[in-house]
Amino acid sequence: MTEISKEEIDEILERYDKKRITIATICSHTALQIFFGAKQEGFKTLGICRPEMKRVYESFPLAKPDKFLLVDDYDEILSSSIHAKLIEDNVIIVPHGSFVEYIGSKNICNNLLLPIFGNRLVFEWESDRKKERNWLLSAGLRMPLEFKNPSDIDRLVIVKFHGAKGGKNYFLAKNEEEFHQGMEKVGANGKEYTIQEYVVGANLYFHYFNSVIENRIELLGMDKRYESNIEGIVRIPHLINKIKKDPSFVVVGNTPVIVRESLLQKILKIGEDVVKSSRDMFPKGLIGPFCIETVCTEDLEFVVFEISARIVAGTNLYMFGSPYSQLLYKEPMSTGRRISREIKTAIERGLLSSVVY
Ligand code: AMP
């Protein structure tokens, strides 16, 4: 399969009625925020939805999409009949974490012949841990050590699996024996894994927006993850021997966080460095929202263990803006709204093609 070219997408965009653009996404993840933000910016909205989820999106009138496209399986988005319906509505797709998970990065690059906000090439880099590591190291960021072979494990490590599965089945191991026991326990034998040094510190996730229209990188917010069962375990460390449970890192929610102001200099630089090196990795580089996931050590060094190159669920905390976004915008600015603002400004300046691929 060959990659969908930018020219093919530009041809579709050229045929669009720019006064009747519809913002569309799959009803999951950050869809409420994306629809709410699109409505605030005056766009029509369309939710690609499984029948059982429709009720959720009808329950919040200010974020309810103007139109539902019901599908039994999200794969249907790849069919030519659905493509035709979406193109008729002048749809621009906003990809989020569940969108990438359900459709798959390869399908997005090769088979989703619809205009997507941002740069579709990024998903290949985000979902392949080797490419992702190469990118982040090229940006000069500090990353956790990685162990190629289980026999090399000489410290506490976290074993992770590919794809945005919200920390599912991740486990800790101190040596090769514990690695094999863990793989057996989570039923992951034969699956692709990454063995990473477990970095002890405070988790911090930064939400950036790279605006190619305004030519600046905005820090829109930050969060930390609320994870089960690790959050429960740290509350009773003195009883850890009694509970007979291994720590797990299943994301169940997000909590807001604000950092010491003196750390902002490093945080802004991380965003800039990642955008700069993305341009060396793939044509045009990162466009729009992205999140850098870090552990801040007691020496106040950021160790980066992941990038999400699209809107992240932690931004749902800030549907009405964050302390940082309020210093950038006089009106409530969520990441969802910021995406639609970028599309709107791009249309006004005749630059839509530069924020869509
Ligand atoms: P991820 O899927 O990479 O976002 O990781 C899910 C969770 O696992 C994170 O939110 C962290 O709590 C934890 N985690 C992942 N990698 C590391 C690491 N190298 N050191 C410490 N904790 C980690």
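From which domains does the shell around the ligand draw at least three residues each? The shell draws on domain 2 (127–140 + 200–346) and domain 3 (146–197) in this way, the domain bounds coming from an automatic or database domain assignment. The model is predicted, so that local features need pLDDT of at least 70 and side-chain atom pairs count only at pLDDT 80 or more, whereas totals for chains, interfaces and linings use all residues. Residues are numbered from 1 along each chain as its sequence is written, and side-chain values use heavy atoms, with hydrogens and water left out.

**View 1. Shell around the ligand.** The ligand is surrounded by 16 residues, the closest being Tyr170, Tyr205, Glu227, Glu293 and Glu306 (near: a heavy atom within 4 Å). The shell divides into eight nonpolar, two polar and six charged residues, where Asp, Glu, Lys and Arg count as charged, Ala, Val, Leu, Ile, Met, Phe, Trp, Tyr, Cys and Pro as nonpolar, and the others, Gly among them, as polar.

**View 2. Polar side-chain atoms at the ligand.** A polar side-chain atom of Lys160 lies 2.9 Å from a ligand nitrogen atom, while ligand oxygen atoms lie 2.6 Å from such an atom of Tyr170 and 2.9 Å from one of Asn203.

**View 3. Second largest cavity.** Here a cavity is a set of points, on a 1 Å grid over the protein atoms alone, where a 1.4 Å probe fits but cannot get out, and lining residues have an atom within 4 Å of a point. Among the residues lining the second largest cavity are Gln33, His207, Tyr318 and Met333, and its lining divides into three nonpolar, seven polar and no charged residues.

How values were computed: 1 Å grid on protein atoms, 1.4 Å probe; cavity = no way out; pocket = protein on both sides within 12 Å on 5 of 7 lines; lining within 4 Å. Polar contact = N/O pair within 3.5 Å; in protein donor to acceptor, adjacent residues only side chain to side chain.
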